[in-house]
Amino acid sequence: MRHALALARRGLGRVAPNPAVGCVIVGAGRIVGRGWTQPGGRPHAETEALRQAGPAAKGATAFVTLEPCAHQGETPPCADALVAAGVTRVVGAIEDPDSRVEGRGFAKLREAGVEVLTGVLSEEATNLNAGFFLRIREGRPHVTLKIAQSLDGETASPGPDKWITGPEARRFGHLLRAQTDAILIGSETALADDPELTCRIPGLEGRSPLRVILDTRGRLGADSKIARTAKDISTVVFTADPKALSRLTKSGIEVCSSQRDSQGHIDISAMLQTLAKRGVTRLLVEGGPTVQSSFLHAGLADRVELFTAPVFLRAQHGNAARTTVNTDLEAMEFARESRRLLGTDLLESFARKA
């Protein structure tokens, strides 16, 4: 099952709105087939593993990270495919919460005489597809905040170098982009940094996610890198300024008219619901302190990747404006899951407590 979960992770950021699933088929004491959900959500993991196993699937055991589908969609049900292939035992991690499945896949297998064991590494499987579950149950994607700060808590460099962290940490940040469905920043970051918001790891350039910009006052310019590349990389701008519609759509940007919240900013709860309706299950937030804090204080951040660089920016730059985020995450009901060094930078990974 751990191998199946590792396979499933290969689909993160590429299979939405479907879940990322892995399947391993074992026959005569050896692996005879492996599969994971393919880009776009199809073929499914079970289909790929059965294709690879061929006749060796007969009498074998299939390990699947999510209950096999039981409904006819664009492809036949995976539960039926496992039965037809002669698989005699299925080991599953968790049930699929999709209303078209919800236990029906496992039930189909049992009715056909297939032995079914469930609940194996269920916590790991649930965490892997947390965004898929949140989209179904709460109508929003899973939200990860990526925060880079100095030792004195600054999240933006007032000096000429816009980077706080080193190259190893930045490469990890691009890997996070490759594993997500959408990446979000606010207009302040868009104007100050003029970023591309793409994945630039060699070999993963084609995995740049949907770009989302919160631009309340419609300030994003047509000459920005985001606007100039919008015809090649899907981009959505949420704005409360109706004048931005015609100007930005000419660049190939999708513009969503949004209401302001009580603080005068884009209503992020409504924005998340809009993203979920278009199939986004995993959102990476890279915006500045205002955007990051809004997610934290609204209780809409599920995970935080906190990078701390060994520098004191305020001491270096004197009267620099404070650009901090409250990173006392344990006080905000987050639990630290891991700590590791990336070059000279410390990465701490936090998850919201259940």
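Trainee: What should I know before reading the values?

Mentor: This is a predicted model, in which local features need pLDDT of at least 70 and side-chain atom pairs count only at pLDDT 80 or more, while totals for chains, interfaces and linings use all residues. Residues are numbered from 1 along each chain as its sequence is written, and side-chain values use heavy atoms, with hydrogens and water left out.

Trainee: Which residues of helix 1 are buried?

Mentor: Start with the terms. Helices (H or I, at least four residues) and strands (E, at least two) are DSSP runs, numbered from the N terminus. Buried means under 20% relative accessible area, exposed over 50%, and partly exposed in between, with a 1.4 Å probe and protein chains only. In helix 1 (residues 2-9), the buried residues are Ala4, Leu5, Leu7 and Ala8.

Trainee: Why do they line one face of the helix?

Mentor: An α-helix has 3.6 residues a turn, so residues three or four places apart point the same way. Here the buried residues of helix 1 fall within an arc of 160° seen down its axis, so they line one face. The arc is taken from the directions from the helix axis to the C-beta atoms. Their cover includes strand 1 (22-27), strand 2 (30-36), strand 3 (61-64) and helix 5 (122-128).

Trainee: How many salt bridges does the structure hold?

Mentor: Side chains of opposite charge can pair when their charged atoms come close. A salt bridge here is a side-chain nitrogen of Lys or Arg within 4 Å of a carboxyl oxygen of Asp or Glu. The structure holds 15 of them. One joins Arg2 to Glu124, with the closest N and O atoms 3.7 Å apart. That pair links distant parts of the chain, Arg2 being in helix 1 and Glu124 in helix 5, 122 residues apart. Arg2 is exposed at 58% relative accessibility, and Glu124 is partly exposed at 30%.

Trainee: Which residue pairs with Arg278 in a salt bridge?

Mentor: Glu254 does, with the closest N and O atoms 2.5 Å apart. Arg278 sits in the loop between helix 11 (268-277) and strand 11 (282-285) and Glu254 in strand 10 (residues 254-257), so the pair ties together parts 24 residues apart in sequence. Arg278 is partly exposed at 40%, as is Glu254 at 36%. Salt bridges can also form a network, as in Glu330, Arg336, Arg339 and Glu348. Within it, the closest N and O atoms of Arg336 and Glu330 are 3.4 Å apart.

Trainee: What is Ala301 in contact with?

Mentor: Contact means heavy atoms within 4.5 Å. Leaving aside neighbours within four places in sequence, Ala301 contacts Val143, Leu145, Phe295, Leu296, Phe334 and Arg352. Ala301 lies in the loop between helix 12 (289-297) and strand 12 (303-309) and is buried, with a relative accessible area of 0%.

Trainee: Where is Thr189 found?

Mentor: Thr189 is in helix 8 (residues 187-193) and is buried at 14% relative accessible area. Beyond four places in sequence, Thr189 touches Asp194, Pro195, Gly287 and Gly288.

Trainee: Which classes of residue line the largest cavity?

Mentor: The lining has 7 nonpolar, 4 polar and 3 charged residues. Ala, Val, Leu, Ile, Met, Phe, Trp, Tyr, Cys and Pro count as nonpolar, Asp, Glu, Lys and Arg as charged, and the others, Gly among them, as polar.
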